[in-house]
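Dear colleague,

Please find below the structure that I am handing over to you. The findings follow after it, grouped by region.

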Amino acid sequence: MMEWSLEELYANFDSPEYQQDLQALEEKIHAFRVWAEEALKGYERVRETMEEGIRRTIEITELHEKLGAFAYLTMNVEADNEQAPKFADRIRNIVASLSAPETRFKKWLAGVPNLEQVIEGSELLKEHEYVIKDAVRYAKRLLSEAEEDLISRLQTTGGYAWSRLHGNLTARLLVDITVDGEQKRLPLTVVRNMAFHEDARVRRTGYEAELKAYEKVDEAVASSLNSIKGEYLTICRKRGYSDPLEATLELMKLDKDVFDTLLEVMQESLPVFRRYLRAKARMLGHSNGLPWYDLFAPVGRSRRQFDLANARDYIVQNFAKFYPELANLAARAFDEKWIDATPREGKRGGAFCYGLHTIKQSRIMSNFDGSFNGVSTLAHELGHAFHNYCQRNESILNADSPMPLAETASTFNETLITEIALSEADRDEQLFILEKSLQGDTQVVVDIYSRFLFESEVFKRRKDGPLSVAELKEIMTEAQQQAYGEGLDPQFLHPYMWICKPHYYSPGLHFYNFPYAFGQLFSKALYAMYKEEGEKFIPKYTNLLASTGKHDIRELGSLVGIDLADKGFWRMSIAFVEEQVRQFESLAE
Ligand SMILES: [Zn+2]
């Protein structure tokens with residue numbers, strides 16, 4: 001059994017420590033509100049006021065993290081714990097009253113005269129310069145208090161209601177399907193999982209039944225999509241953005257030049273991925289590219305089995321080849337009960353890593369099944385833990401990361417472990433590992449590119465009015481053809497991908513696609529850099545990870561000597577993928 005320990009946070013919900021901290025959180029937020037109403041009326045004693053605001057924010061954030069983590073982590077492994085969801089809910093309610101004083105503070109910051117000079121005069125403010133300037137940038141987009149209030153109230157019956165409708169319709173959708181000659185109605189997730197089945201007939205039946213099932217909900221889901229995108233267009237216009245992409249790039253802390261470079265490199269890389277898709281198609285007996293239903297078909301075989309002790313040693317030994325400090329951190333995570341890896345009743349599925357900045361640790365949840373994939377998942381999550389570790393001496397307000405960089409260290413670790421496993425594997429296992437890696441990359445680059453094209457076109461046409469189901473299907477298949485090209489059989493595309501991907505339905509987060517591609521290609525390019533530079537690369541890497549909460553993305557790049565608007569950097573990543581495609585092709589013959 002490998003279960004984590006949460007004692008480092010609290011003994012339990014009834015402990016005096018938990019109760020005291022909960023009360024302290026409530027009091028500190030209340031005091032912050034009272035303070036904000038009084039102290040932020042004008043601009044006397046600016047430096048002291050600013051410091052006071054930062055100090056209060058730090059205290060509240062730390063308490064919130066600790067209390068919230070204990071409830072969240074408990075909930076994930078103890079489904080029958082009745083206290084955890086109650087306390088999680090209570091914390092959410094307490095923290096909800098933080099948004100008013102926070103917004104007031106940000107607006108006040110935006111009005112500070114001679115901001116640079118004020119920051120220069122204080123160590124605390126210099127340390128938090130990025131956070132302050134980011135708050136100012138955010139505040140400049142805010143409308144009047146009355147308008148902001150109206151928007152957020154209307155969104156609960158607008159965008160967020162449409163989003164819930166989409167969630168409910170797809171979660172409840174039953175698919176009519178014939179399995180082993182028997183007529184059945186199965187949940188959508190079960191049918192979509194048939195894409196990974198060994199048997200080609202099952203994969204195809206699942207795909208056909210899935211597409212048919214969407215006809216039951218497509219009109220309602222199209223209304224949901226039209227409303228969410230329409231609402232966002234209105235909000236963007238009010239906030240002074242030229243289009244939703246500009247707003248998203250600002251939120252992601254991503255420079256337009258860097259974004260354009262990324263997009264160009266993604267386009268350049270498409271032929272490489274198509275070679276992989278065609279090679280996989282030939283292996284599976286298709287002459288005209290891969291049909292959609294075989295995108296996830298298993299190829300090769302992995303026989304390796306691990307128990308948790310082996311997995312620990314395998315990870316620690318191989319991390320040590322890269323950087324001893326990464327290996328030490330992984331060993332600590334295993335030995336000091338940071339990891340909950342044993343699947344059991346009442347524990348949720350999936351895997352994640354949770355940073356506990358206040359105690360300079362992390363917690364990792366996974367459902368380890370003894371396969372190489374299970375080892376690779378642990379390596380991935382340990383990458384997040386390493387990222388947190390690199391930020392351990394930063395202020396909690398600086399221990400953050402823009403979304404496109406959040407998967408840097410995790411993808412890096414996965415690449416590292418995959419490379420090593422490949423070098424030790426026989427042919428069948430090599431095929432299996434390469435296929436898993438390329439399948440993932442294809443999703444993150446090629447499919448993501450199609451999603452980006454789709455969303456761009458939807459926003460463009462939505463300006464003139466709602467789009468019909470037929471239009472949405474046509475835009476989707478066109479985007480898929482542009483992205484996958486001859487890699488896919490044009491007879492078997494997926495015109496309803498906009499229904500099954502929840503990313504299009506988040507009212508507050510749009511173009512929730514390219515950050516994935518950015519992260520993947522960025523991390524692989526870093527890995528290629530490491531292979532070129534060896535040890536010299538490591539201090540740059542750890543410095544980069546330590547600083548992700550203190551700079552915009554382009555600045556972070558230059559901090560470690562990378563110009564992210566230069567295609568040369570990104571091409572290293574594509575070259576890396578191309579080498580794997582070459583290996584895959586020769587194994588597939
Ligand atoms: Zn991750």
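Predicted model: local features only at pLDDT ≥ 70, side-chain atom pairs only at ≥ 80, totals over all residues.

**Findings in the structure**

K253 is buried, because 21 other C-beta atoms lie within 10 Å. K253 sits in the loop between α13 (244–251) and α14 (256–283). Its phi is near 60°, a positive value in a residue other than glycine. As background, most residues other than glycine have a negative phi.

N114 also has a positive phi, of about 50°, although it is not a glycine. N114 belongs to the loop between α4 and α5 (115–120). Is N114 buried or exposed? N114 counts as exposed, because it has 9 C-beta neighbours inside 10 Å.

**The sheet of β3, β5 and β4**

Three strands make up an open sheet, in the order β3-β5-β4, and the pairing is mixed. The strands at the edges are β3 (339–340) and β4; each has a single partner strand, so one side of each is left without a neighbour in the sheet.

The two pairings may be taken in turn. β3 and β5 pair in the parallel sense over two bridges. In this pairing, I339 has I364 of β5 as its bridge partner, and D340 has M365 of β5.

How many of the residues of β5 are buried? Five of the five are buried, so β5 is largely enclosed by the rest of the structure. In general, the side chains of a regular strand alternate between the two faces of the sheet. Both faces of β5 are covered: Q361, R363 and M365 are buried on one side, and S362 and I364 are buried on the other.

Helix α1 covers residues 16–39, which makes 24 residues. At 1.5 Å a residue, α1 should span 34 Å; its end C-alpha atoms are 33 Å apart, which agrees. The buried residues in α1 include Y18, L25, I29 and F32. What covers the buried residues of α1 includes α2 (46–77), α3 (83–96) and α4 (99–110).

**The contact of α4 with α7**

Helix α4 has a further contact to report, with helix α7 (residues 129–141). The two axes come within 8 Å and cross at roughly 95°. That makes α4 roughly perpendicular to α7, because angles of 65 to 115 degrees count as such. Which residues meet in this contact? From α4 they are K106, K107, L109 and A110, and from α7 they are I132, A135, V136, Y138, A139 and K140. The residues of this contact divide into seven nonpolar, no polar and three charged.

**Two further residues**

Q430 lies in helix α19 (residues 427–462). Leaving aside its neighbours within four places in sequence, Q430 is in contact with L422, A425 and L587. Q430 and T418 are twelve residues apart along the chain, and their C-alpha atoms are separated by 9.8 Å.

G508 is found in the loop between α21 (497–500) and α22 (514–533). G508 counts as partly exposed, because it has 13 C-beta neighbours inside 10 Å. G508 and L382 are 126 residues apart along the chain, and their C-alpha atoms are separated by 29 Å.

With kind regards

Definitions and conventions:
Residues numbered from 1 in each chain as written. Helix = DSSP H or I, 4+ residues; strand = E, 2+ residues; numbered from the N terminus. Expected span 1.5 Å × (residues − 1). Buried ≥ 20, exposed ≤ 12 C-beta atoms within 10 Å, placed from the backbone. Contact = placed C-beta atoms within 7 Å. Axes fitted to C-alpha atoms, helices over the stretch in contact; angles between N-to-C directions. Parallel < 35°, antiparallel > 145°, perpendicular 65-115°, else oblique. Nonpolar A, V, L, I, M, F, W, Y, C, P; charged D, E, K, R; others polar. Pairing = 2+ DSSP bridges.
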